[in-house]
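Hi,

Here is the structure I promised to pass on.

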Amino acid sequence: MCGVGNAIAAKIRSIQRRALASRVRFAYRAPMRHRPVTQNGLQGAVGWLAAGVGLIAVVVITALTSSANNAFGAGLLFVGLLVGGFASIVIHELGHAIAAWLVGWRVWIISALPVVVRLGHKPHFSTKLAHDVGGYVLGSPPTAKLDRPWRSAIFSAGGPIASLLTGPLFIYWLATMPPQNWEDPTKAGLLGVALAFGTYGTLSAAWTAWPARGWGGRPNDAMMIIMALREPKSSDEARGAGWAGALFEFGVEPSAWPEWMRDVVARAGHSPWAQSSAPVLAFMAALDANREADARAAAERSAQEPGKVLRAYVAACLDNDVKAAELALQDAKPTGWNAIDWLRALTEARIFDLRGDSAAAQRARDDLASEIADSGAPQPFWDRLLVDSAQK
Ligand SMILES: [Zn+2]
């Protein structure tokens, strides 16, 4: 009897472990897919400066040593070299977006450095270098049924396919043009523009079309395809919470999440098996819908460091209880999670308000506002909390 009981208990533990492992893997993978990476700004600036000086030198030398016609052709080439890189990033990301639409996924954000466009919102400019070839596309399945590895693989393949078509294949096509075209400066300039564009496309294809990992071990597109197809099957709960976390990280507010993700997060928030992000996401979703009781419940359920910050927020912003808020924050360690840091900043601003130090509260809110603005995507959820916080 006892042996059977132990065997069952061990079996349950192993199922739990497996379920947890696949959840953690998934939650780690989903946000990674589109996470922007900040690169050393100085390094980037020096590179651009060197490239700019070099290009201007080419144009000036060409203009000084030959005819006005030649200078015009060189000018075209100059523009092509400057604009071609951006154009090839746009094409690559549009490839992902078209692939997403083909598999029935919703596209939220298309970004090509430095422009971030969330559909239905004002364009946003970000100084942050993004993952992928210099941009990213945030897409997600509108229903649990459409969340399938092969759809994810096609989504990842769209970018490299676009780059292959506008890179090596485009250059191959250019090479079939009659060679006399290169003898006329204007035509040669236009061909140079096309060639520059094709070269950037080839670089993008080389960067993404075979499996590799970039900065910080982030998988490129081809690696994402392999990972998607090898992904162990996981529950709707795990996948939905992973997706919701990824959307939230890129500024998509809970009220805009597809219904299946909102349902899954609400359910996972109650489950003892769920990873620690589930109650946090449930908390944010409750705040977004002005469901105070649900927010309190999620804060109570949330364990570890994030839970302390959620409870501090409830104490300060819902209960006006400075003492309880400070007590909760006292030993809350950094989590490396933007959402928790920002919620903490709002809590601290509220504590300053309640203590009558409105100048410090304003400073805290201003700092937070600039951090939110610099995050790389529109953040309507946080913008709203910030406005509410200032009006209390
Ligand atoms: Zn890509």
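This is a predicted model: local features need pLDDT of at least 70, side-chain atom pairs count only at pLDDT 80 or more; totals for chains, interfaces and linings use all residues.

Now the overall picture. The protein chain has 392 residues, and 43% of them are buried. It contains 16 helices and four strands. Of the contacts with a separation of 6 or more, 67% are between residues 24 or more positions apart.

On to the strands. β1 (106-112) and β2 (115-118) pair in the antiparallel sense over four bridges, and a hairpin joins them through two residues. Pro 114 lies in the loop between these strands, and the peptide bond joining Leu 113 and Pro 114 is cis, with omega about 0°. If you set up anything from these coordinates, that is the bond I have in mind when I mention a cis peptide.

β2 also pairs with strand β3 (residues 124-125), again in the antiparallel sense, over two bridges. This hairpin has five residues between its strands, and Gly 120 in the turn has a positive phi of about 90°. Val 116 turns up on both sides of the story: in β2 it is the bridge partner of Ser 111, and it stands opposite His 124 in β3. As for the faces of β2, which residues are covered and which are uncovered? Val 116 and Arg 118 make up the covered face, while Val 115 and Val 117 make up the uncovered one. In general, side chains in a regular strand alternate between the two faces of the sheet.

Next, the helices. In α11 (292-301), the buried residues are Ala 295, Ala 298 and Ala 299. Seen down the axis of α11, they fall within an arc of 100°, so they line one face of the helix. An α-helix has 3.6 residues a turn, so residues three or four places apart point the same way. The buried residues of α11 pack against α10 and α12.

How do α12 and α13 lie relative to each other, parallel or antiparallel? The axes of α12 (residues 304-318) and α13 (residues 322-330) come within 8 Å and cross at roughly 170°. Angles over 145 degrees count as roughly antiparallel, which makes α12 roughly antiparallel to α13. From α12, the contact involves Lys 308, Arg 311, Ala 312, Ala 315 and Ala 316; from α13, it involves Val 322, Ala 324, Ala 325, Ala 328 and Leu 329. Eight of the residues in this contact are nonpolar, none is polar and two are charged.

Finally, two asparagines with a positive phi. Asn 320, in the loop between α12 and α13, has phi near 50°. Asn 320 is partly exposed, because 13 other C-beta atoms lie within 10 Å. Asn 290, in the loop between α10 (277-288) and α11, has phi near 55°. Asn 290 counts as exposed, because there are 10 C-beta neighbours inside 10 Å.

Cheers

Notes. Residues are numbered from 1 along each chain as its sequence is written. Axes are lines fitted to C-alpha atoms, for helices over the stretch in contact, and angles run from 0 to 180 degrees between N-to-C directions. Angles under 35 degrees count as roughly parallel, over 145 as roughly antiparallel, 65 to 115 as roughly perpendicular and the rest as oblique. Two residues are in contact if their C-beta atoms, placed from the backbone, lie within 7 Å. Ala, Val, Leu, Ile, Met, Phe, Trp, Tyr, Cys and Pro count as nonpolar, Asp, Glu, Lys and Arg as charged, and the others, Gly among them, as polar. A residue is buried if 20 or more other C-beta atoms lie within 10 Å of its own, exposed if 12 or fewer, and partly exposed in between; C-beta atoms are placed from the backbone. The arc is that of the directions from the helix axis to the C-beta atoms. Two strands pair if DSSP finds at least two bridges between them.
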